[in-house]
Amino acid sequence: MIEDLQTAVVRLDDVDKVFNQGTGNETVALKNIDLDVRPGEFVSIIGPSGCGKSTLLRLVGDLVQPTQGEVLVNGKPARQARLDQDYGIVFQAPVLFEWRSIINNVQLPLELRGVKKAQRTARARELLGMVELSGFEQHYPWQLSGGMQQRASIARALAIQPELLLMDEPFGALDEMTRERMNMELHNIWRRTETTVLFVTHSIAEAVFLSTRILVMSARPGQIMHVVDVDLPVPRGEHTREETAYFEAETEVREWLRKAKGYRA
Amino acid sequence: MAAQGKGLSGVSKQLHDYLPALVLFVAVLLVWEFGVALLEVQQFLLPAPSVIGDAFQENLDRLIHVGWFTTKEALGGFVIGCAAGILVAFATARWTLASETLMPFAIAANSVPIIAFAPIVNNWFGVDNPLSKMVIVAVIVFFPMMINTVRGLTLVDPAALELMRAYAASEVEILTKLRFPNALPYMFNAFKIAATLSMIGAVVSEYFGGNRSALGIFITQEAAQFRFANAWAAIIVASIVGVTFYLVVLLVERVTIPWHSSVRGEQAR
């Protein structure tokens, strides 16, 4: 148990989240959530719209607080982990500041951490190289395509070398082709950095391709209905989408999603 | 990238953009000049542009003197009003309750014709005292400045706020790195409004009495003595100052927030 506590990057213990508690429009978003994420895992959360999967991610990031239960990140309360900048986060929108060049956007978390300028710049350059945005350092967000902007926001999330990366439907706004390419890039980044990833999506293909584990959630109140272990070899690539295990995992997720009330694929 | 290709082509493009306006301006002047002559319009009703031009040259020294006097009033009021508006905006945006309480009053006050207070303010600070005009101008520009700044500081993308929180940003860091840059385009809008309003406010409040060296007084006195061409020449001075003031703000905006869609123009997606 104590050993577990030390090894889990994320631990949720019997967590409930109720919005507007005690008022007329009280909404139970999440109920009895238990979750352990081990170092190096890539865990996807999939479920019908409004099932609370984004809320679950925000609980881990201490952007909302649980009504009941405990959220631990790196063995400490989520709030402390946030204050220690233990995680990086990527939203569905890139959320780049339009007044900052791409390199300055990527540096933002380092600035907030008080890292020296020379060091910041060097790190940001390295990261932009990793997400294949070298040469766009001095560009402004509006000069980049949606996919490029999202790559910059991933670079920003990795700037502080977090042990945990929280991603809230990061490729939801991208077209299918770009999304598949971004999936490949994210997979490679995950392998190279050995970062633990908690990934919210409603694309089955994306979840299976990227994850080591998939949590299927039910409609509101959101509960973890089923866990799918994805035993696909790493590194993954184009060949992965043709493997039997890939189809099996996809089918398993789809069947469980169908059981989740309100799911329409 | 195409967006960076500003330069020579950008300048000639701008020239091209302004060409119709320039042609219209010249055309209006010509129609005015020859229309007045053809229809034999009386001088005191509408002097021809050439007559106004002559009056302008004859009175140039005096016009510069009175123009500068009133420009100083407008500038003083602009600086006081904008500074006060920004200060109050920052103070109230910091405390949500304060801004929520003040905003409806500010919006209501913004629609009050403040120029109507000019005789009263003249009485407070002295008719001859430029301060009385500065106060009027300051009060006129204060409200749009404050309202716009509060909006800019508070209408921040919620996701951006969440991002700052996720990286444990302090309130001060959120203010300096997110709210303030977010407010800049709103503030420049207010500066542009204020630049125009300040010259109008200074000249019109002088109509209610003021120093002998003031532009508004020059206009009323010349008009009272039927020297309408001189009054027209003074109005041109007021216009030149007003437009220059606006253009300076525009220039500062371009340098300060080149990233904003209002500045980069059609290239916005």
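This is a predicted model: local features need pLDDT of at least 70, side-chain atom pairs count only at pLDDT 80 or more; totals for chains, interfaces and linings use all residues.
**View 1. Chain B as a whole is built from helices, with 11 helices and 0 strands.** Read from the N terminus, its elements run α-α-α-α-α-α-α-α-α-α-α. The C-alpha atoms of chain B fill a box of roughly 75 × 55 × 30 Å along the principal axes. Chain B has 269 residues, and 36% of them count as buried. Among contacts in chain B with a separation of 6 or more, 75% are between residues 24 or more positions apart.

**View 2. Helices α4 and α6 of chain B cross each other.** Helix α4(B) covers residues 96-110 and helix α6(B) covers residues 130-154. Their axes come within 9 Å and cross at roughly 140 degrees. The two helices, α4(B) and α6(B), are therefore oblique to each other. Their crossing is left-handed.

**View 3. Residues from both α4(B) and α6(B) make the contact between these helices.** On the α4(B) side the residues are Ser99(B), Met103(B), Ala106(B), Ile107(B), Ala109(B) and Asn110(B). Helix α6(B) contributes Phe143(B), Pro144(B), Met146(B), Ile147(B), Val150(B) and Thr154(B). By class, the residues of this contact comprise 9 nonpolar and 3 polar, with no charged residue.

**View 4. An open sheet of 4 strands lies in chain A.** The strand order is β2-β1-β4-β5, and the pairing is antiparallel. Strands β2 (27-37) and β5 (76-77) of chain A stand at the edges. Each of these edge strands has a single partner strand, so one side of each is left without a neighbour in the sheet.

**View 5. Strands β1 and β4 of chain A are joined by 5 bridges.** Strand β1(A) spans residues 10-19, strand β4(A) spans residues 68-73, and the two run antiparallel. One position to look for in this view is Arg11(A), which stands opposite Leu72(A) in β4(A).

**View 6. Chain A and chain B touch each other through 17 residues of chain A and 18 residues of chain B.** On the chain A side, the elements that give two or more residues are α3 (78-83) and α4 (102-113) of chain A. The side of chain A that touches chain B has 12 nonpolar residues, along with 3 polar and 2 charged ones.

How values were computed:
Residues are numbered from 1 along each chain as its sequence is written. Chains are lettered from A and ligands numbered from 1 in the order in which they are written. Axes are lines fitted to C-alpha atoms, for helices over the stretch in contact, and angles run from 0 to 180 degrees between N-to-C directions. Angles under 35 degrees count as roughly parallel, over 145 as roughly antiparallel, 65 to 115 as roughly perpendicular and the rest as oblique. A crossing is left-handed if the near helix is turned anticlockwise from the far one by less than a right angle, and right-handed if clockwise. Two residues are in contact if their C-beta atoms, placed from the backbone, lie within 7 Å. Ala, Val, Leu, Ile, Met, Phe, Trp, Tyr, Cys and Pro count as nonpolar, Asp, Glu, Lys and Arg as charged, and the others, Gly among them, as polar. A residue is buried if 20 or more other C-beta atoms lie within 10 Å of its own, exposed if 12 or fewer, and partly exposed in between; C-beta atoms are placed from the backbone. Two strands pair if DSSP finds at least two bridges between them.
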